[in-house]
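Let us take a walk through a protein model together. Have the sequence and the 3D view ready, and follow along as we go.

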4 protein chains.
Amino acid sequence: MTILSRSLLSLSLVGLLAMSFAKPTRVIFFGDSITQAGVSPGGYIDRLKKMMPADQFELIGAGIGGNKIYDLYLRMEDDVLAKQPDVVVVWVGVNDVWHKSSFGTGTDPDKFVKFYEAVIKKLKAANARVILCTPATIGEKTDFSNQQDGDLNQYSQLIRDLAKRQNLPLVDLRKAFLDYNLKNNPDNKEKGVLTSDRVHLNEAGNQFVAEQMQKALMESGK
Amino acid sequence: MTILSRSLLSLSLVGLLAMSFAKPTRVIFFGDSITQAGVSPGGYIDRLKKMMPADQFELIGAGIGGNKIYDLYLRMEDDVLAKQPDVVVVWVGVNDVWHKSSFGTGTDPDKFVKFYEAVIKKLKAANARVILCTPATIGEKTDFSNQQDGDLNQYSQLIRDLAKRQNLPLVDLRKAFLDYNLKNNPDNKEKGVLTSDRVHLNEAGNQFVAEQMQKALMESGK
Amino acid sequence: MTILSRSLLSLSLVGLLAMSFAKPTRVIFFGDSITQAGVSPGGYIDRLKKMMPADQFELIGAGIGGNKIYDLYLRMEDDVLAKQPDVVVVWVGVNDVWHKSSFGTGTDPDKFVKFYEAVIKKLKAANARVILCTPATIGEKTDFSNQQDGDLNQYSQLIRDLAKRQNLPLVDLRKAFLDYNLKNNPDNKEKGVLTSDRVHLNEAGNQFVAEQMQKALMESGK
Amino acid sequence: MTILSRSLLSLSLVGLLAMSFAKPTRVIFFGDSITQAGVSPGGYIDRLKKMMPADQFELIGAGIGGNKIYDLYLRMEDDVLAKQPDVVVVWVGVNDVWHKSSFGTGTDPDKFVKFYEAVIKKLKAANARVILCTPATIGEKTDFSNQQDGDLNQYSQLIRDLAKRQNLPLVDLRKAFLDYNLKNNPDNKEKGVLTSDRVHLNEAGNQFVAEQMQKALMESGK
């Protein structure tokens, strides 16, 4: 089966799924600056809009630069729940780790989990399906010598455990980015493969994330 | 009027006030390690118990070491609201500032205010009277050369503004400690006046805080 | 005696002094980004050049952005000693404090003193007269509620003590900036008085520093 | 050849080598708290003394708790050069990384290299043979989820590059500890395998380091 025919098949599956809804499935991407940039032309949400049938999926960005998990918690009523989403994709964690060294105001790992659980609880109570994501990268070097690798690995594992514990779908972007870099970053560069600046997505990165998200949305609809 | 007779008068006023309740006024001190130590023998809550009429005031400590404002938020249901307090004294802030340099996980000033407001909102909704306190000290030097003085001054002002905005009583321990040290710490020592280790209260400090709290509780009952 | 005539007298004293040298007194300003910007048009060194007689003073900037005391130590052979200065004005400290929270790589106070002493020792060994400066400001609020005020006050005191211990002239810019702001910053603004961004000098700031430096150079020549 | 006979042969080679000196080879271990503890009974230097022939090797500890590379630089005259060592084993790096988050005063990677080079230069100028070591561990988890893993990997690589560039022997304790933990820490524990507290050596750790050091000293004597 060619890639094209496989894609077509995938899209028809999504179509079949989506048709069962009276109106398009409303998906909110809830996150930080990466998601904020995702709605710009060429951003991952912008790309996804072209990859998913518009009559079946309504994709909304709710990203704000610098957000940590407790920022999401504090603003979720207005920015997410008020819009009555069917699906909420939570993608956060980079700033919880990064702000430790850049401002001294990162998030303790145990509080990270507590606020993440509180966010999930409220989303579930509003009958939204929740999809979790791991933070992708602060530096693309593949030998775990990026300064925040230790924390990113730890916080990603906390999210994986949370997804497992609550039986929620997970987009493991941390793992996906590393796998991609292991294949495509032979010079161990810290940026320029999927990111422009170690953190934010370049063109390839936005496309890559859009594809990962598409897969998850299709899976979650099954 | 002598100090003694004034104190007696004050206590009788408190007495008159407290008698109007069917049962003792339940006061919860909600805070960090300083409050956790406050219930130990000689601690400020322990001292307050001896300074206030037991049939009129029930004093409860709810302090946990290392707590920041959002820790209070996360545990307030179980540790405070479940006990149906009449008055809640919130004393927090040292770790929100201190953890910036010791763990990289302090609290951003704007989030500090947001969570503080969220704590107050829930306490008010439960019909508790709320008393705010400013964080006293991380280092007792009086020339503003203690490392965290800038932040402690800033966060204290945020709490003062909050108290004013919401018309809530304030125990300005930051100001009270500085005033005390200006009189009693001529050698500009960083500890040993009201604290044993720059942060936690020694005997004089526990007595001093007990007196400040007594005044506030009496005022708040008027 | 009017201010003008006093200034003229001062300048002639400087002139007399300078004339005793076969060539102009070579002054190197050794510091961080503030000094790096000082040689730009309108910068404090650029202004000083117009304020001091060119045949008597040769003013050289040796500032590099982000420098801490040990950066000065590491590059002093090439950037200062090789140029055989008569006078070296050392102005450093902002990054030693600031990098604590922005990178986690500030300088411990005791190491700050040790490296400062090592810098002075080498300069003295090369027969340069040394002038010390205190770090001016990270935030212009006058109520000591700028985040780094505690550390800036502490490190400034370390420099004052060092100047006293070694009998070296001191330009106390920390004190001068605070005094200026107490008069000219009634709204307690954090920037815009002498700085453009809390740290780097605006037009008024460059002029102010130039005047402080002029005074010190004239004093040091006596 | 059995392990025993190989060891005996090695020791005799060391013997032959050492005999060529009029007096025992003087080795100074120059480092932080791990080395400071190394001279205590059961410490790695104490163990080494029993593993190496006393008439051929004089082993001296020069470790001070909390030391970073520039602390070594600042005290090397008194603590190392004054003792005219034949060999200096430099083992540092944990605090350069760790102090970023615990005090905000870690060492920038580029300055780490510059001071390390300055230390080596002075040791070479004093005719000491220099052996470098990588920092072993801040947390023994093997999935690179210890908070400082990214930095420890980076700084270790900087030391490996330095050893290669200057053709100096290297004890790659970072690699050795990881390899050991991959075999002996199946539960991904953060301490208790070679360390008591994630950083400092337990009994097994001291023995392991003693063996690594023995190998390096024997190699370096060849």
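Predicted model: local features only at pLDDT ≥ 70, side-chain atom pairs only at ≥ 80, totals over all residues.

Residues are numbered from 1 along each chain as its sequence is written, chains are lettered from A and ligands numbered from 1 in the order in which they are written, and side-chain values use heavy atoms, with hydrogens and water left out.

Begin with chain C. Here you can find an open sheet of 5 strands with parallel pairing, in the order β2-β1-β3-β4-β5. Helices (H or I, at least four residues) and strands (E, at least two) are DSSP runs, numbered from the N terminus, and two strands pair if DSSP finds at least two bridges between them. Strands of a sheet pair through backbone hydrogen bonds, either parallel or antiparallel. Which strands stand at the edges in chain C? They are β2 (57-63) and β5 (170-171) of chain C; each has a single partner strand, so one side of each is left without a neighbour in the sheet.

Now look at β1 (residues 25-31) and β3 (residues 87-91) of chain C, which pair in the parallel sense over 5 bridges. To see one of these pairings, find G31(C), whose bridge partner in β3(C) is W91(C). Helix α4 (residues 69-79) of chain C packs on this sheet and touches β1, β2 and β3 of chain C (contact means heavy atoms within 4.5 Å). The direction of α4 makes about 150° with that of β1(C); axes are lines fitted to C-alpha atoms, for helices over the stretch in contact, and angles run from 0 to 180 degrees between N-to-C directions. Helix α6 (residues 109-125) of chain C packs on the sheet too, touching β3 and β4 (129-133) of chain C, with its direction at about 155° to that of β4(C).

Chain B also has an open sheet of 5 strands with parallel pairing, in the order β2-β1-β3-β4-β5. In chain B, 7 bridges join β1 (residues 25-31) to β2(B), and the two run parallel. Among the residues involved, F30(B) has A62(B) as its bridge partner in β2(B).

Next, see where chain A meets chain B. The contact takes 16 residues from chain A and 16 residues from chain B. Together the two chains bury about 1300 Å², 59% of it on carbon and sulfur atoms; buried area is the accessible area (1.4 Å probe) that two parts lose on being put together, summed over both. Y70(A), L74(A) and F115(A) supply 33% of the area that chain A buries against chain B, more than any other three residues.

How many salt bridges link chain A and chain B? The count is 4, where a salt bridge is a side-chain nitrogen of Lys or Arg within 4 Å of a carboxyl oxygen of Asp or Glu. One pair to find is D71(A) with K111(B), a salt bridge whose closest N and O atoms are 2.9 Å apart. The elements giving two or more residues to this side of chain A are α4 (69-79), α5 (94-102) and α6 (109-125) of chain A, and α4(A) gives the most, with 4 residues.

Finally, visit chains D and C, where 16 residues of chain D are in contact with 16 residues of chain C. Between chain D and chain C the count is 4 salt bridges. Here K111(D) forms a salt bridge with D71(C), the closest N and O atoms being 2.8 Å apart.
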